[in-house]
Amino acid sequence: MKAIGLTEFGGPEVLRVLDLPVPEPGPGEIRIRVHAAAVNPVDVLVRKGIAFVSDAEPPYVPGMDAAGVVERIGEAVETELRVGDRVMAVAVVSGTHGAYAEHLVVPAESVVRAPAGTAHPEAATLPMNGLTARMALDLLELPVGATIAVTGAAGAVGGYVVQLAKADGFRVIADAAPKDEQLVRALGADVVLPRGSDFPELVRKEAPDGIDGLVDTAGVAGLAIHAVRDGGRVVSSAGGVDVPEERGITVQHTFVPQYARENAKLERLRQLAEEGRLTLRVARTLPAEQAAEAHRLVEAGGLRGRVVLTF
């Protein structure tokens, strides 16, 4: 099968087309014929040898988000899915096991139907990004009616956080650059404030006692934590960001592989997308052979949605 991977860590140029054996599903597993794989910032870290580095020998195949068609179902799988069904899946990268490939085998719990009416590239933007947002809100452990802030709200994960938070019944204060303000309002944020060093002060004007929780997807929690009330909660999805705890505030980080088999949560994301309560945003599609260019686009930043590779 065709896959996109690397034999040495480095810049985008290390990504190349590989010819790998087609994986066979074992008990409890499903094989997907992948038609689209989203390109996420974590894929850049895999390429650089920073994230999901294992003892496996190269080559390494990145990719945590896939959409395609059920191709084969292994033994002892209890599922309503059938061969030929359109699906989306989350993959935990390990060695050659990644979504940048024509065929992907994953646990049955990591697969659900694609949202009705969506194309493969759209569906590919939801599993890992949506589960990251879901995990962030779960870690906050806040009651309905709580007020939270979301940084990086115009980004792929941040946008899902805003929409899921509204579905959960939270009041949402979000940041946005001027060009993104309309987008973030359309996602459902109750209050949209300018990004920057004044954000905590502006939040305090909207919530004088401080917000109950903060979801940081932009790596600015060290600053934004000043908007959180004493005893509040912070969750960061920005890897490698060290946030000192202060004033009794609890700080946690998302690690989405812990949710990779949370089938019910993935199914709920599908339902919300079908209901129009989650917006699937594709910034650009590229053929898989142009993965290096896709990584350059992701590293350049400023995307509103995900770049998606097609197979």
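In helix H3, the residues Pro127, Gly130, Leu131, Arg134 and Asp138 meet Lys265, Leu266 and Leu269 of helix H8. Sorted by class, this contact between H3 and H8 comprises four nonpolar, one polar and three charged residues. In this predicted model, the axes of H3 (residues 127–140) and H8 (residues 263–274) come within 10 Å and cross at roughly 110 degrees. Because crossing angles of 65 to 115 degrees count as roughly perpendicular, H3 and H8 are therefore described as roughly perpendicular to each other.

Just after H3, Glu141 adopts a positive phi of about 50 degrees.

The largest nonpolar core contains 55 residues, of which Leu137 and Ile148 touch the most other members. H3 supplies the largest share of this core, namely eight residues. When neighbours within four places in sequence are left aside, Leu137 is in contact with Ile148, Val161, Leu164, Ala165, Asp168, Phe170 and Val215. A second, separate core consists of 39 residues, among them Leu20, Ala37, Val61 and Ala108.

Conventions. Residues numbered from 1 in each chain as written. Predicted model: local features only at pLDDT ≥ 70, side-chain atom pairs only at ≥ 80, totals over all residues. Heavy atoms only, no water. Axes fitted to C-alpha atoms, helices over the stretch in contact; angles between N-to-C directions. Helix = DSSP H or I, 4+ residues; strand = E, 2+ residues; numbered from the N terminus. Parallel < 35°, antiparallel > 145°, perpendicular 65-115°, else oblique. Contact = heavy atoms within 4.5 Å. Nonpolar A, V, L, I, M, F, W, Y, C, P; charged D, E, K, R; others polar. Core = buried A, V, L, I, M, F, W, Y, C linked by side-chain atoms within 4.5 Å. Buried < 20%, exposed > 50% of the residue type's maximum accessible area, 1.4 Å probe, protein only.
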